[in-house]
2 protein chains.
Amino acid sequence: MFKDVTTEKINAVMQDAWTAFHVYRKASLKQRADFMRAIVFELEECGDLLIQTAMKETNLPEARLRNERTRTIYQLESYALACEKGDWLEARIDTAIPGKNPPKPDIRKMLVPMGPVVVFGSSNFPFAYSTAGGDTASAFAAGCPVIVKAHPAHPQTSAIVAEAILHAADKCNLPKGIFAHVNGVSFEVGKALVMHPYTRAVGFTGSYAGGKQLFDWANQRKEPIPVFAEMGSVNPVFLLPEKLRSAAADIATMYAGSVTLGVGQFCTNPGLIIGIESEALQTFIHDLGKAIQSIAPGTMLHQGIADAFVTKREEALMQPDVHLVAESAIAPSEKQGQPTIATVDGKTFIKNPVLHKEVFGPYSMVVRCADMKEMIEVAKHLEGQLTATLMATNNDVSNNDELVEAVKNICGRFILNGVPTGVEVCLSMHHGGPFPATTDARFTSVGADAIKRFARPVAFQNWPDELLPDELKNGNPLGIWRTVNSELSK
Amino acid sequence: MFKDVTTEKINAVMQDAWTAFHVYRKASLKQRADFMRAIVFELEECGDLLIQTAMKETNLPEARLRNERTRTIYQLESYALACEKGDWLEARIDTAIPGKNPPKPDIRKMLVPMGPVVVFGSSNFPFAYSTAGGDTASAFAAGCPVIVKAHPAHPQTSAIVAEAILHAADKCNLPKGIFAHVNGVSFEVGKALVMHPYTRAVGFTGSYAGGKQLFDWANQRKEPIPVFAEMGSVNPVFLLPEKLRSAAADIATMYAGSVTLGVGQFCTNPGLIIGIESEALQTFIHDLGKAIQSIAPGTMLHQGIADAFVTKREEALMQPDVHLVAESAIAPSEKQGQPTIATVDGKTFIKNPVLHKEVFGPYSMVVRCADMKEMIEVAKHLEGQLTATLMATNNDVSNNDELVEAVKNICGRFILNGVPTGVEVCLSMHHGGPFPATTDARFTSVGADAIKRFARPVAFQNWPDELLPDELKNGNPLGIWRTVNSELSK
């Protein structure tokens, strides 16, 4: 359906991006925000064509896509606001002390853009984590040009959004190299983009295999560059005893919904639910199974994802001592994912790393631990996670410090009495987590702090006021928060 | 003189660190600061023994070592203060909006400690970037245990400081695993420390070869970890025409001092001075050469560094079209570094990467460019740098935007009309820079922002006030700056 971009074209695109970087890096915060708002305008102009194209390419329902477009627009608008506000610049000023021995010079520091950012969009969020998604929005806010590699699962959708961005750039009189859209299915296209000397950072949302490969390439460069790969998670949920006794049925209902939301195609899908053997756990398993039986299979994003779900589900169910609890009573048709709950005991789980891996789709496994000690062992054996959840009373939390600390240690977002699905776009969000959830646990890909991924500090020493960037001038003409002689002020 | 630590010992040390981490991560900001101040007390108790031991091991003069001890104490004290203040935690709170559809949960984010940090001390700063130096101080502030590999060039100094830290830990009732000191000269010790599964981050100051090796090992781990390696720099200085015409002699005097300060053994030593062919440049070269002739050779840190200086100096001087301008009129004796100035034309420099490399010691090369265009080309051909300096009038800066931007793009600290030697310990300092100056241009190793290297964000979703960490509680009992619903406040 579409052809791989050629090496010549990649070189030309990267040269244009590098040239554009030298213009765009000097764009004021307001100019960057205006550009992002112009993209919003153009996206809205795309109207129903965008929704309908995405529906055809992704099998996602209309309401979900409309919500996702709203979210994408909210991301652009809120990051534009954050960009203008400038808190993210981490502006710091220490004024000179000429009388000191030796004299202390005036030093002022702020974040500056890194350079062209290559973005690999995700298949499961055709708008919010693709062409004009979170990575692109944060790179533009940071002052970086963006090169998007279209996701092969929704190339038309991606092309429509790319046109919208290019229109916006044109209207804002920004150089054309500020954004480029290239197609590629082969390995080589991704590699050429990551290895190009003008590429300064990479954003990715997708599989572990894909993200880890980009990370390895980036580190093999002559000059290694940061890769922000969000590679999914099993998002463990721990059912603590007192809470489970009081609310097994409610938790089962809540989680039947969360496990199957969007046919389980979220990186925050709860793929693991850990409890302690008890009557309450049996009730929970029973109720969850019953609820799952009544949930219809849904069509998955594309054939590859549907096939992978069948394969990984089967692989998990075939492991020794894993039992099927329930599956949807309605047989799945082609490309559909069948809601499924499995179970295994804690000892078997700890020993078998196959069971620690994500099964991307409407699947979850209940791990039955002998006691709290075993539950702690399970937590300690898990890899890094985007999220972890406790279903717990206050007593449960207070009385099980070792478990709470072990769980906190492996996750980026720590939820109490909720579900991990649903990622709020706000400054306090951390959508990241220890490896292998992401390649860099220090940065988030959701919320305006995501802007910081594409910037680095520069300290200006002994510059006169008139030559400093506005962000660092004595008069603070932009009115941003800055730390002046160790105290925050405006 | 000392033996490599065994693998068994490394495993035991890391197990102790991991155990201690689970205690220390919960230490309050005040407790961490108290511990750091207790280290200061113990260091002061070491008295002259510490200075005399370091003098014997490093050949550094007494005054310099006393100053460096003062600096080390200032680092500990100022990072302790910053730790308590809590700005570095990046606390963010977004309160719940239950009426939203779907309801928005309460989310609160802050940085939490990563885990045990392995620190490789430097040879040129036996106090400030070694055992109780900047990396150790920032890791303790972040809430992480530290394992120091003693630098083989000053093992006794390192052992005395290590004892001081252990005494302080003991007095503060902290678990013994919070700090460990191991010896090692071989490759294997470094590798075992970096590859150990309990190691969560690495701090290093030293050569490119050493730092890059640690970085590669860290990325080859099953779970890659961050490496903060500061690997030195040539710290280019650009002499702009108007400034040079007005102050050639003064700049020569200033730089003769900076090039030879501490026998040139600073990572910020100006190894490259770039000017445009002119009478003023000839005057500058002449005056710089004359000043260098009158500066006596000094004893270098150890035989290895003195040998490397001789080899690299010779290698640079042997390159085609490189000319010796001047060297110290006093012949160096054993282990001494001879102050040296060389020169080369811009075209030759651009073509020969050997000339872009650091010659660690009292050496600098003046690059004579044909014109501003060539000076810009030189800037664009340089690798990443800790610092870059412009000697320039305001007119020079305003009229040469392309040069200014090209230089800013390659450096972490951008100095105007000063020298790069001398690194202030303050929040606005950025001691970092694009690869290969460091392995991570986003973080500084000097100033309290260095604390952030050893922490990662965790978002708490839907936690009741009483179960949240004090840093995130509604009442803000610690009185720290936090961003609440997108606005900074106390």
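**A parallel sheet and a two-fold pair of chains**

In strand S7 of chain A, Glu230(A) is the bridge partner of Thr205(A). This pair belongs to a predicted model, and the strands concerned, S6(A) and S7(A), run parallel and are joined by four bridges. The description below begins with the sheet around these strands and then turns to the domains and the pairing of the chains.

The sheet is open and consists of five strands of chain A, arranged in the order S5-S4-S3-S6-S7 with parallel pairing. Its edges are formed by strand S5 (179-182) and strand S7 (227-230) of chain A, each of which pairs on one side only. On average, and with direction ignored, neighbouring strands of this sheet are turned by 15° against each other.

Strand S6 of chain A, residues 201-205, is also joined to strand S3, residues 117-120, of chain A; these two strands run parallel and share four bridges. Within S6(A), Ala201(A) is the bridge partner of Val117(A), while Gly203(A) is the residue opposite Val119(A). S6(A) is mostly covered, with five of its five residues buried. From this strand, Ala201(A), Gly203(A) and Thr205(A) point one way, whereas Val202(A) and Phe204(A) point the other way; all are buried.

At the level of the whole chain, the domain assignment divides chain A into domain 1 (7-231 + 441-489) and domain 2 (236-416). The contact between them takes eight residues from domain 1 of chain A and eleven residues from domain 2 of chain A. On the side of domain 1 of chain A that touches domain 2 of chain A, there are two nonpolar, four polar and two charged residues. The C-alpha centres of the two domains of chain A are 35 Å apart.

The same surface serves both copies, as 100% of the contact residues of chain A recur in chain B.

The contact between the chains takes 51 residues from chain A and 51 residues from chain B. Elements giving two or more residues to the side of chain A that touches chain B include strand S1 (92-94), strand S2 (107-113), helix H13 (394-399) and helix H14 (401-408) of chain A. S17(A) provides the largest share of this side, namely six residues. By class, the side of chain A that touches chain B has 23 nonpolar, 14 polar and 14 charged residues. Strand pairing also crosses from one chain to the other: S17(A) and strand S16 (residues 411-416) of chain B run parallel and are joined by three bridges. Here, Ala459(A) stands opposite Arg413(B) in S16(B).

How values were computed. Residues numbered from 1 in each chain as written. Chains lettered and ligands numbered in written order. Predicted model: local features only at pLDDT ≥ 70, side-chain atom pairs only at ≥ 80, totals over all residues. Domains from an automatic or database assignment. Contact = placed C-beta atoms within 7 Å. Nonpolar A, V, L, I, M, F, W, Y, C, P; charged D, E, K, R; others polar. Pairing = 2+ DSSP bridges. Axes fitted to C-alpha atoms, helices over the stretch in contact; angles between N-to-C directions. Buried ≥ 20, exposed ≤ 12 C-beta atoms within 10 Å, placed from the backbone.
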